[in-house]
Structure formats: C-alpha cells, structure tokens
Amino acid sequence: MDIFGKYNKGVVMSANTPRSRKAKGREFQKEIRQKLLELYPQLDPDDIKCALMSEAGEDIKLSPAARKLIPYSIEAKRQEKLNIWDAIKQAESNTKDGATPVVIFKRNHSISYAIIPADHFFELTKPKNII
C-alpha cells in the first residue's frame, strides 16, 4: 500500500478501519476536554482527563474540583451511525453519584450535540426569578 491508501493495483482502501475509528473517538474526547478547560480556566489541565480507549467508565474523567463545577458524567460518541439508546444506557451505567449523564455525539461534517435527561433540560430552562 502506498501513502495515498492505494494498493499498487489502484484499489482505494477505506479509511474506516478500527484504528482510524478509535483515533477519531480519541480526538473527539480531546476536543470536549479542551472546550471544558476553556470554559473553566480556574481548573488545571489535570482536573479533566480523557479516558484511555477501551477503559471502563466515563469518557471524560473529572477530578473532585472539576466535578463540583461540571456535575455531568460524559460519554463521547464520534460515529456516523449511533444507537442513541445504547449510548444513553452506557452513559447512565457509568454515571457517578450526584452527576447527570450526558452523551455528546458527532458525525462527519456535523456539529456536536448533547443528550441530557428531559427533566434536567426543563430544570435548566426554568425561569430563575419571576417578578
């Protein structure tokens, strides 16, 4: 195979290998981590870490200091075809006490989205001070 992903006979290889899929997932976790660090400059980089690929538990590991500011258990999915119910189940099973499960997902050429429980969404959008 040459550097353009072709065999000598001109057949193009798919970039959709398990290795490239894991690399995309790893990069997506890094993007989420970087965004959280930008939103919370008071946190140290060690307060928010990405899980190793195939590591059990949350995809974004939060220190106790970070957990106080970011009360979410984050499952990151960078897939073209996502089974939403499986992703939610995985996020729920990995959720730490007191945290809210969230699935942040994206596919190629798309913005990222987040799934949170509906009750939590309504709590976030509820008017704070009605006069």
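Is Phe122 buried or exposed, and what is its relative accessible area? Phe122 is exposed, with a relative accessible area of 52%, where exposed means over 50%, buried under 20% and partly exposed in between (1.4 Å probe, protein chains only). Its neighbour in an aromatic pair, Phe121, is partly exposed at 40%.

The model is predicted, so that local features need pLDDT of at least 70 and side-chain atom pairs count only at pLDDT 80 or more, while totals for chains, interfaces and linings use all residues. Residues are numbered from 1 along each chain as its sequence is written, and side-chain values use heavy atoms, with hydrogens and water left out.

The protein contains four helices and five strands, where helices (H or I, at least four residues) and strands (E, at least two) are DSSP runs numbered from the N terminus. From the N terminus on, the order of elements is α-β-β-α-β-α-β-β-α. Of the 131 residues, 30% count as buried.

Three strands form an open sheet in the order β3-β4-β5, with mixed pairing; two strands pair if DSSP finds at least two bridges between them. Both β3 and β5 (113-115) stand at the edges with a single partner strand each, so one side of each is left without a neighbour in the sheet. The pairing of β4 with β5 is antiparallel and extends over three bridges. Ile104 stands opposite Ala114 in β5. Helix α1 packs on the sheet, where it touches β3 and β4, and its direction makes about 140 degrees with that of β3. Here axes are lines fitted to C-alpha atoms, for helices over the stretch in contact, and angles run from 0 to 180 degrees between N-to-C directions.

The largest nonpolar core has 15 residues; such a core is a set of buried Ala, Val, Leu, Ile, Met, Phe, Trp, Tyr and Cys residues joined through side-chain atoms within 4.5 Å. Among those with the most contacts inside this core are Ile32, Leu36 and Ile48. Two or more residues each come from α1 (18-39), β2 (60-62), β3 (72-78) and β4 (100-106), and α1 gives the most, with four. Not counting residues up to four places away in sequence, Ile32 touches Ile60, Ile74, Ala76 and Ile104, a contact being heavy atoms within 4.5 Å. A second, separate core of six residues includes Ile88, Ala91, Val103 and Ile115.

Definitions and conventions. Rings of Phe, Tyr and Trp (its six-membered ring) pair if their centres lie within 6.5 Å; planes under 30 degrees apart count as stacked, over 60 as edge-to-face and the rest as tilted.
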